Amino acid sequence: MKNLALKKKALEIRKKTFQLIYNSKTGHTGSDLSCTDILVALYYQVMTIDPKNPTMNGRDQYIQSKGHAAEVLWTVLADKGFISEEELQSFSQYGSRLIGHPNNKVAGVEMNTGSLGHGLPVSVGIALAAKLDQKDYHTYTLMGDGELAEGSVWEGAMAAAHYKLDNLTAIIDRNGLQITGASEDVMAVENLVWKWQAFGWDVHKVNGNDLDALVDLLSLQNETKKPRMIIAKTTKGKGVSFAENKAHWHHKVPTPEELEQALAELDQQLEELAHA
């Protein structure tokens with residue numbers, strides 16, 4: 001099976017993230033689970049990074065514009081060795097650096113995010129700086145689909161195309177749900193392919209919970225001289241049956257019984273992978 005180790009890693013990250021949210025009594029559970037595979041593909045396969053030298057020259061840049069999904073990011077950073085497992089357990093406690101949104105006081109975090117609509121414009125600036133400095137690092141940013149209602153996203157989209165930033169990849173976590181319901185009911189954004197093509201981007205659609213497809217696409221050389229947009233169709237709450245496609249799991253802490261069931265389901269998926 002292709003990328004078997006990555007698929008196991010994604011399930012392990014989901015387990016640790018779910019447990020972290022239960023322990024801390026706070027977290028954007030559904031949002032974390034929908035984008036786990038995207039972070040695993042980037043951090044474990046695609047990006048050039050070094051946990052032992054997190055500020056190394058030429059490292060790829062990752063900006064999590066979808067900053068509310070911080071729990072899965074902290075879990076990945078701890079698993080990769082940017083932060084300790086001990087510090088991970090301090091998440092959302094008084095005095096901890098690990099707060100409810102990415103914090104650039106933490107190794108591996110390039111910028112503070114959480115106010116939606118900022119990640120893409122900042123990523124445009126980072127990618128443009130690479131062009132001006134003749135550096136070959138790549139910039140990646142992850143956005144939520146509800147975030148697309150922010151006007152700054154589209155200003156960034158225009159600028160990226162204008163400067164031909166083929167060293168920029170943006171990913172939309174298209175899980176279709178936000179805190180108040182279905183994204184198309186709150187603020188319709190379709191047809192996303194047409195919109196981003198009209199703004200001058202190289203646009204691709206992918207199953208955002210398919211690690212094989214994600215790795216193949218993210219590893220594909222961009223020869224278009226355009227910024228790349230990946231519309232990743234995901235499932236909110238992916239991997240946990242009672243949380244999947246449920247808007248109220250956007251931000252929700254599991255009960256002890258829900259924690260037990262979720263971990264059992266994820267363990268079962270790990271078992272199935274082991275015999276695949």
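1. A definition before we start: two strands pair if DSSP finds at least two bridges between them. Please also keep in mind that this is a predicted model. With that in hand, strand 1 (residues 61–64) and strand 2 run parallel and are joined by four bridges, and Ile63 stands opposite Thr141 in strand 2.

2. On its other pairing, strand 2 meets strand 3 (residues 168–174) in the parallel sense, over six bridges.

3. Five strands form an open sheet in the order 1-2-3-7-6, with parallel pairing. Strand 1 and strand 6 (202–207) are the edge strands, each pairing on one side only. On average, neighbouring strands of this sheet are turned by 20 degrees against each other, direction ignored. Helix 9 lies across strand 2, strand 3, strand 6 and strand 7, and runs at about 160 degrees to strand 6.

4. How many of the residues of strand 2 (residues 139–144) are buried? Six of its six are. Both faces are covered: Thr139, Thr141 and Met143 are buried on one side, and Tyr140, Leu142 and Gly144 are buried on the other.

5. The largest nonpolar core has 41 residues, and Leu42, Tyr43, Tyr62 and Trp74 touch the most other members. Helix 1 (4–24), helix 2 (29–46), helix 3 (70–80), strand 2, helix 9 (211–218) and strand 7 (228–233) each supply at least two residues of this core. Helix 2 gives the most, with nine residues. Another core lies apart from this one; it has 21 residues, among them Leu120, Leu165, Trp201 and Val203.

6. Tyr62 deserves a look in your viewer. Leaving aside neighbours within four places in sequence, Tyr62 is in contact with Leu39, Leu42, Tyr43, Met47, Leu73, Glu110, Tyr140 and Leu142.

7. Thr113 lies in the loop between helix 4 (85–88) and helix 5 (119–133). Is Thr113 buried or exposed? Its relative accessible area is 12%, so Thr113 counts as buried, the cut-off being under 20%. The side chain of Thr113 reaches the backbone oxygen of Gln64 at 2.6 Å. Beyond its neighbours within four places in sequence, the contacts of Thr113 are Ile63, Gln64, Ser65, Gly67, His101 and Pro102.

8. A few backbone details next. Most residues other than glycine have a negative phi, and most peptide bonds are trans. Lys164, in the loop between helix 6 and strand 3, has a positive phi of about 55 degrees although it is not a glycine. Lys164 is exposed, with a relative accessible area of 52%. Asn245 also has a positive phi of about 55 degrees and is not a glycine; Asn245 sits in the loop between strand 7 and helix 10 (256–274).

9. Where is the cis peptide bond? Glu190 and Asn191 are joined by it, with omega at about 10 degrees. Asn191 is in the loop between helix 7 (183–186) and helix 8 (192–198).

Definitions and conventions
Residues are numbered from 1 along each chain as its sequence is written. This is a predicted model: local features need pLDDT of at least 70, side-chain atom pairs count only at pLDDT 80 or more; totals for chains, interfaces and linings use all residues. Side-chain values use heavy atoms; hydrogens and water are left out. Buried means under 20% relative accessible area, exposed over 50%, partly exposed in between (1.4 Å probe, protein chains only). A nonpolar core is a set of buried Ala, Val, Leu, Ile, Met, Phe, Trp, Tyr and Cys residues joined through side-chain atoms within 4.5 Å. Contact means heavy atoms within 4.5 Å. A polar contact is a pair of N or O atoms within 3.5 Å; within protein, one must be able to donate a hydrogen and the other to accept it, and residues adjacent in sequence count only if both atoms are side-chain atoms. Axes are lines fitted to C-alpha atoms, for helices over the stretch in contact, and angles run from 0 to 180 degrees between N-to-C directions.
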